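User: Hey, I'm new to this one. Can you walk me through it?

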Amino acid sequence: MAETELLTPDIRRVRFVATSGAPLPLFSGGAHVVVSLPTPRGVLRNPYSLTSCPTDGSGYEICVQKSATSRGGSAFVHEGLAAGDELEISWPVNLFGMDRRARKHLFIAGGIGITPFLSMMQQLAMEGGTFELHYAMRSPDTGAAREMVAERYGAHRVRTYVSSHGTRIPLPDLLDGQPLGTHLYVCGPTRLIDDVLLQAREAGWPDENVHSERFAAPPPGKPFLLELARSGQRIEVGSHQSVLEAMEAAGLSAPNLCRGGACGQCETGVLACDGALEHHDHFLSPDERAGGRKFMICISRIAGERLVLDL
């Protein structure tokens with residue numbers, strides 16, 4: 001890691017460079033990395049959108065908002081991380097990439113949800129692409145990039161809305177007034193994402209033209225016993241752990257990319273459950289959830305005593 005900077009009272013920018021001094025792999029706008037954070041509770045592996053320029057291999061930048069309900073990751077970044085500390089990060093992964101067929105890219109961001117759009121806009125600006133950003137925040141000091149994006153891209157491409165000032169994104173007019181071939185992207189609080197997706201559907205937007213990204217931490221719950229049928233191993237899943245994290249703490253690995261229940265990479269078969277499955281993902285269909293045979297180990301839990309997975 002090279003440097004850290006407080007952008008707002010609750011948002012910190014972190015820049016990573018390779019310990020070897022070598023260039024880092026280039027990426028595409030919207031990509032994220034998973035950062036391993038050695039918190040007092042143990043290592044947490046959290047995904048963060050890359051906010052730096054996709055064609056600049058000299059370093060990666062992320063922005064981390066300190067959360068009052070943090071499991072320890074954001075608190076560690078804000079209070080325990082110092083310039084010069086070494087952390088492990090994953091290769092960049094892009095699950096929120098821009099559709100290159102789009103004639104125009106319409107970005108809607110809420111709060112810290114601005115982060116994936118920072119790299120997207122840099123890429124489009126270099127390529128001469130057409131885009132427009134609508135950026136909502138609670139108050140001016142919660143908009144980490146408000147002044148920067150307005151200055152860099154101009155008022156014709158950037159609109160900001162501050163709820164404490166009584167301004168809000170005019171979604172109905174915005175969604176109804178776009179040219180053919182526009183693609184819509186939204187990232188931010190769950191309420192904003194759900195509202196945008198609903199209104200886009202009601203306005204007749206094709207599903208393939210609407211894109212969203214959610215980064216959610218595994219919710220807390222009561223501990224339970226995890227049994228892996230193929231290996232015969234038994235693992236205790238703690239109250240603040242995901243199944244995936246409990247497996248990793250036991251020295252095991254499983255496929256994963258987003259760690260937030262969106263990509264489907266960690267989908268695992270359920271063989272038995274003494275209790276009720278609590279699905280917190282955004283990947284499984286209602287029928288798949290009701291069937292009780294599929295489970296996302298990165299974010300879902302059970303309300304019960306024992307879970308047996310096909311692993």
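**A first look**

Analyst: G304 is found in strand β16, which covers residues 301-309; strands here are DSSP runs of E with at least two residues, and helices are runs of H or I with at least four, both numbered from the N terminus. This is a predicted model, where local features need pLDDT of at least 70, side-chain atom pairs count only at pLDDT 80 or more, and totals for chains, interfaces and linings use all residues. Residues are numbered from 1 along each chain as its sequence is written, and side-chain values use heavy atoms, with hydrogens and water left out.

User: What does G304 touch, leaving out residues up to four places away in sequence?

Analyst: P223, F224, D274 and G275, where contact means heavy atoms within 4.5 Å.

User: And which strands make up the open sheet?

Analyst: There are five, in the order β13-β12-β16-β14-β15, with mixed pairing. Two strands pair if DSSP finds at least two bridges between them. β13 (234-237) and β15 (294-296) stand at the edges with a single partner strand each, so one side of each has no neighbour in the sheet.

User: How do β12 and β16 pair?

Analyst: In the parallel sense, over four bridges, with β12 spanning residues 224-228. E227 stands opposite V308 in β16.

User: Switching topic: how many residues of helix α2 are buried?

Analyst: 10 of the 13 in α2 (residues 115-127), among them F117 and L118. Buried means under 20% relative accessible area, exposed over 50%, and partly exposed in between, using a 1.4 Å probe and protein chains only.

User: What comes just after α2?

Analyst: G128, with a positive phi of about 80°.
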